[in-house]
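Here is a friendly walk through a protein structure for someone meeting it for the first time. Take a moment to turn the picture around before reading on.

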Amino acid sequence: MAYTHRFGTRAVHAGTAHDPYTGAVISPISLSTTFAQNSPAVPIGKYEYSRSNNPNRDEFEQAVASLEGGKYGLAFSSGSATTATILQSLSPGSHIISGADVYGGTHRYFTKVAQSHSLEISFTPDLLNDIPSLVRSSTRLIWVESPSNPTLSVTDIRAVARLAKQYSLFLVVDNTFLSPYLQTPLALGADVVVHSVTKYINGHSDVIMGVAVLNDDDLYQKLAFLQNAIGAVPSAFDSWLAHRGLKTLHLRSRASSENAQKVAEALASAIKTGKVLQVNYPGLDAHPNRQVVKGQHREGFGGGMISFRVAGGRKGAELFCQSTKIFTLAESLGGVESLCEVPALMTHSGIHASEREKSGVHEDLVRLSVGIEDGDDLIADVLQALDRATGQVNGVKE
Ligand SMILES: Cc1ncc(COP(=O)(O)O)c(C=O)c1O
């Protein structure tokens with residue numbers, strides 16, 4: 001679909017062709033693992049074997065590439081498999097500079113898997129200031145998550161991209177927390193954008209999948225080779241489901257971001273009552289990088305993710321998550337339904353406490369994934385859970 005079309009039109013139509021034989025508007029799910037050939041090594045059509053290529057995966061890859069404004073899309077069996085395949089493309093001894101506050105599983109992969117395969121990683125909470133002193137002759141890649149999981153810190157992607165060019169490094173941006181509707185890192189100068197499709201792109205909490213989008217022909221050839229050689233690919237059914245989810249991304253992203261703005265404002269108001277200690281949300285004027293947000297997120301939207309520190313320490317956070325009635329206590333994010341969790345005890349428990357707390361991931365930090373329910377119901381739910389949690393911690397009946 002031409003990039004001249006607006007986002008919603010591309011979300012609905014990119015990668016979607018009417019079936020030439022039946023006229024079906026929605027593509028059939030192509031479950032065949034193998035495809036007939038006219039003579040040895042001469043397939044009848046474009047496809048040969050489904051690990052290498054599959055019609056549903058192709059359509060999904062084209063659709064996400066169009067939404068991210070990139071030339072190529074490559075889908076993987078999870079966001080984590082996407083990360084692993086990108087790191088596998090580096091030669092042994094390569095050095096990576098990463099933001100300190102990244103998804104716990106990305107941190108785990110960097111420190112527990114990549115390092116044992118001779119890759120070296122430096123983490124920094126302040127990429128912009130620290131890159132010049134961290135760069136070595138072996139540095140190949142900068143890894144950015146913006147906004148970060150779970151403290152919602154925002155990195156100035158344009159500024160990091162300028163540094164990456166200066167030092168001839170690839171810049172990879174994990175765009176999972178916003179989705180291409182709210183931020184397009186390639187347009188800001190990144191070389192590769194990655195997603196856990198499991199989250200906003202699929203949007204319905206029923207698919208585990210990942211994707212990378214890029215423009216560079218050589219890097220694409222390298223990653224496409226590894227996609228097939230490693231074989232961490234999504235099934236035809238998952239590709240089809242994720243493509244269906246993607247068609248409403250613009251509506252869902254907008255709705256969850258509008259809801260999150262209201263919930264974040266309600267939480268910020270609760271700071272004066274002492275029930276909330278701090279709110280991390282890129283849509284609030286108090287966010288330390290609000291000016292960058294205005295320049296790199298669509299319409300300055302804050303996205304659907306919030307984290308906040310609740311009064312009462314770990315107990316307060318646990319009680320809050322057990323007291324909500326609409327927000328479900330569960331890992332993951334980006335679905336139509338609202339979720340809450342305590343990162344220090346759940347998604348980020350694998351990171352050592354001292355390192356975790358340096359990035360602001362304390363035991364009283366609650367993470368919310370705000371869904372597309374009615375915003376006023378969500379505010380009421382958060383406020384009643386806050387009352388119950390802080391009331392019980394203080395032993396006071398509200
Ligand atoms: C920001 C971010 N990146 C990557 C991943 C990994 O994705 P997956 O769970 O699909 O492997 C996650 C998962 O929570 C995430 O939040």
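## A word on the model

Please keep in mind as you read that this is a predicted model.

## Salt bridges

Let us begin with charges. Side chains of opposite charge can pair when their charged atoms come close. How many salt bridges does a search of the whole structure find? The search finds 14 salt bridges.

One of them joins Glu299 to Arg254, with 3.0 Å between the closest N and O atoms. The two partners come from distant parts of the chain, 45 residues apart. Glu299 belongs to the loop between helix H10 (290-296) and strand S11 (305-310), while Arg254 is part of helix H9 (residues 249-269). Is Glu299 buried or exposed? Glu299 counts as exposed because its relative accessibility is 56%, above the 50% cut-off. Arg254 is partly exposed, with a relative accessible area of 27%.

Now look for Arg314 in the picture. Arg314 makes a salt bridge with Glu318, where the closest N and O atoms are 3.1 Å apart. Glu318 and Arg314 are four residues apart in helix H11 (residues 313-323), so about one helical turn separates them. Both are partly exposed: Glu318 has a relative accessibility of 22%, and Arg314 has one of 41%.

Arg314 also forms a salt bridge with Glu363, and here the closest N and O atoms lie 3.8 Å apart. Because Glu363 sits in the loop between helix H12 (353-358) and strand S14 (365-369) and Arg314 in helix H11, this pair ties together parts that are 49 residues apart in sequence. Glu363 is partly exposed as well, at 30% relative accessibility. Which residues are linked in a network of salt bridges? The network consists of Arg314, Lys315, Glu318 and Glu363.

## Aromatic rings

Next come the rings. A pair of aromatic rings is described by the distance of the centres and the angle of the planes. In this model the count comes to seven aromatic pairs. One of these is Phe7 with Tyr181: the ring centres are 5.1 Å apart and the planes are at 70°, so the pair is edge-to-face. Phe7 lies in helix H1 (residues 7-13) and Tyr181 in the loop between strand S7 (170-174) and strand S8 (192-196), so the pair ties together parts 174 residues apart in sequence. Both residues are buried, Phe7 with a relative accessible area of 6% and Tyr181 with 8%.

The rings of Tyr72 and Tyr220 make another pair, with centres 3.8 Å apart and planes at 10°, so the pair is stacked. This pair also links distant parts of the chain, since Tyr72 is in strand S3 (residues 72-76) and Tyr220 in helix H7 (residues 217-230), 148 residues apart. Tyr72 counts as buried, at 17% relative accessibility. Elsewhere, Phe110, Phe123 and Trp143 form one aromatic cluster.

Tyr181 has one further contact to look for. Arg298 lies over the face of Tyr181, at 4.0 Å from the ring centre.

## The largest pocket

Empty space deserves a look too. Rolling a probe the size of a water molecule over the atoms shows where empty space is left. The largest pocket holds about 610 Å³ of space. Of the 34 residues that line the largest pocket, the closest to its centre are Ser148, Thr151, Leu152, Ser153 and Val154.

Which element gives the most to the lining of the largest pocket? Strand S10 does, with three residues. Helix H5 (127-134), strand S6 (139-145) and strand S10 (276-280) each supply at least two residues of this lining. Sorted by class, the lining has 16 nonpolar, twelve polar and six charged residues.

## A buried leucine

To finish, find Leu378 in helix H13 (residues 375-393). Leu378 counts as buried because its relative accessibility is 0%, under the 20% cut-off. Where does Leu378 lie in relation to Glu331? The two residues are 47 residues apart in sequence, and their C-alpha atoms are 18 Å apart in space.

Methods:
Residues numbered from 1 in each chain as written. Predicted model: local features only at pLDDT ≥ 70, side-chain atom pairs only at ≥ 80, totals over all residues. Heavy atoms only, no water. Salt bridge = Lys/Arg side-chain N within 4 Å of Asp/Glu carboxyl O. Buried < 20%, exposed > 50% of the residue type's maximum accessible area, 1.4 Å probe, protein only. Phe/Tyr/Trp six-rings, centres within 6.5 Å; stacked < 30°, edge-to-face > 60°. Lys NZ or Arg CZ within 6 Å of the ring centre and 35° of its normal. 1 Å grid on protein atoms, 1.4 Å probe; cavity = no way out; pocket = protein on both sides within 12 Å on 5 of 7 lines; lining within 4 Å. Points joined across faces, edges and corners; volume = space filled by probe spheres on them. Nonpolar A, V, L, I, M, F, W, Y, C, P; charged D, E, K, R; others polar.
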